[in-house]
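Trainee: I would like a close look at a single part of this model.

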Amino acid sequence: MMKTCRAFGLTLIFLLGFLFLDFQDKVVFGAINNSATLSTDSFITYPNASITVYGKNFTRYEKGYVYIDLNNSNTYTKGEPYTQVSTSSSGSFTSLLFTGNIKAGTYWIRYLSSGGRTYGTSVKITIKYLPELKVYPDNEQVGAKISVLGDYFLPNQKGRLFFDSNQNKTWESEEPSVEVSTNQFGYFSSQLTVPNVKEGFYSIYFQPVNGSKSTSTYFKVVKYPSISVSVLNRKVFAGQSITVYIDSLPEFSEGYIYLDTNNNERLDGGESNIHIFTQKKPFNPIAFNIPKNLEKGKTYFIRFESSRGVMKINPATVEVIGPTVTLSTTSAAPKTTITLNGSYFPWYVSTNGFFYFDSNANGRWDSNEPTTGLLPIRDGGSFVVSLTIPNVKKGSYLIRYGIKSGVPYVDFTYDPIPFEVKE
Ligand SMILES: [Ca+2]
Ligand SMILES: [Ca+2]
Ligand SMILES: [Ca+2]
């Protein structure tokens, strides 16, 4: 009798096991219901968004997980977005599932019981990226060119990109705009110029021509500090000492003010510079020496190079107008006395510089060649001197700038001035 009972028991266990293994997804076994279904409130969503997941006809009072099966392995893999659920007395649940930082694509959402069993229907969800605009840089000053990139839009979508100067969310013809079209991947890249608006936040819009919803991004219009110089009309001469100001330089700024001789927007070795450090506003004006080796007639930038990361500051421009010399006449007979009018000469030339008539054209002053004497330079860099043309044959000569003998090195030169001697 005992034997029979045990045999029957084993058979029952065997039969039950058979049923369980073979029909677990098809038949009602215990409390598992073959009509367990998952559904969602939407079939499309976005990364870092929530969707609502509904469960129906699951095992009652069961704890489980709803997850997005990213690798489609039909089971939960670490890292896949999930939410924990508890089924009610009727085997249902409602839960929010956060998509997280998920790649765009189509995935199955599945259910996994805390006992490790996957059952019930799966539901498909498509993850889409939201259309977005990005602007580089995200702050600039009036007149600057900015890059605007659009991504995750519909492919081949035409539209207008515009800077909403008057902040009414609509494009007006005077607002900077450009017609753009997305490529086959829903991407575009374009440029806009910051209009002449006050400092502050503005929106840049991409408005599709088909009338669908526009996408926008913020942009900040800023005003950089700017450098100015003390001299009239920004005209300077080589070697001049000028005053430099920087308006609205932030406190605790450190860097160099320099004259960008080669105009490469960098402070290079050999470029005149002065170190500054501002503890407090307002920033004190500083004395700055215009280098002596600049080209006459050319315009240069005086810039600021920050020692503490990138800081944009509008440069000042200076035009080199001197030094210059004007002759009372450019041709004369021997023994005529001519006048040399100088302007914008650096003061220190007084101590060692003069002009001479290079009679023998050897590029040097010889003691028998007439000179002006040392240049008596006045305030503002001007002088008036005379030179007597020597008794030389008619022809072309050069009046040259010379340096008093014994002066070891002077970094000031003046181009030779042509002169014609008549009979
Ligand atoms: Ca507008
Ligand atoms: Ca430079
Ligand atoms: Ca000579």
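Trainee: In what order do the 3 strands of the open sheet stand, and is their pairing parallel or antiparallel?

Mentor: The open sheet has the strand order 1-3-6, and its pairing is antiparallel. Strands here are DSSP runs (E, at least two residues), numbered from the N terminus, and two of them pair if DSSP finds at least two bridges between them. The model is predicted: local features need pLDDT of at least 70, side-chain atom pairs count only at pLDDT 80 or more, and totals for chains, interfaces and linings use all residues. Residues are numbered from 1 along each chain as its sequence is written, with chains lettered from A and ligands numbered from 1 in the order written.

Strand 1 and strand 6 are the edge strands, each pairing on one side only. Strand 1 covers residues 37-40 and is joined to strand 3 by 4 bridges, the two running antiparallel. Within that pairing, Leu38 has Gly55 of strand 3 as its bridge partner. On the other pairing, 6 bridges join strand 3 to strand 6 (residues 93-98), again antiparallel. There Ser50 stands opposite Phe98 of strand 6, while Tyr54 has Thr94 in strand 6 as its bridge partner.
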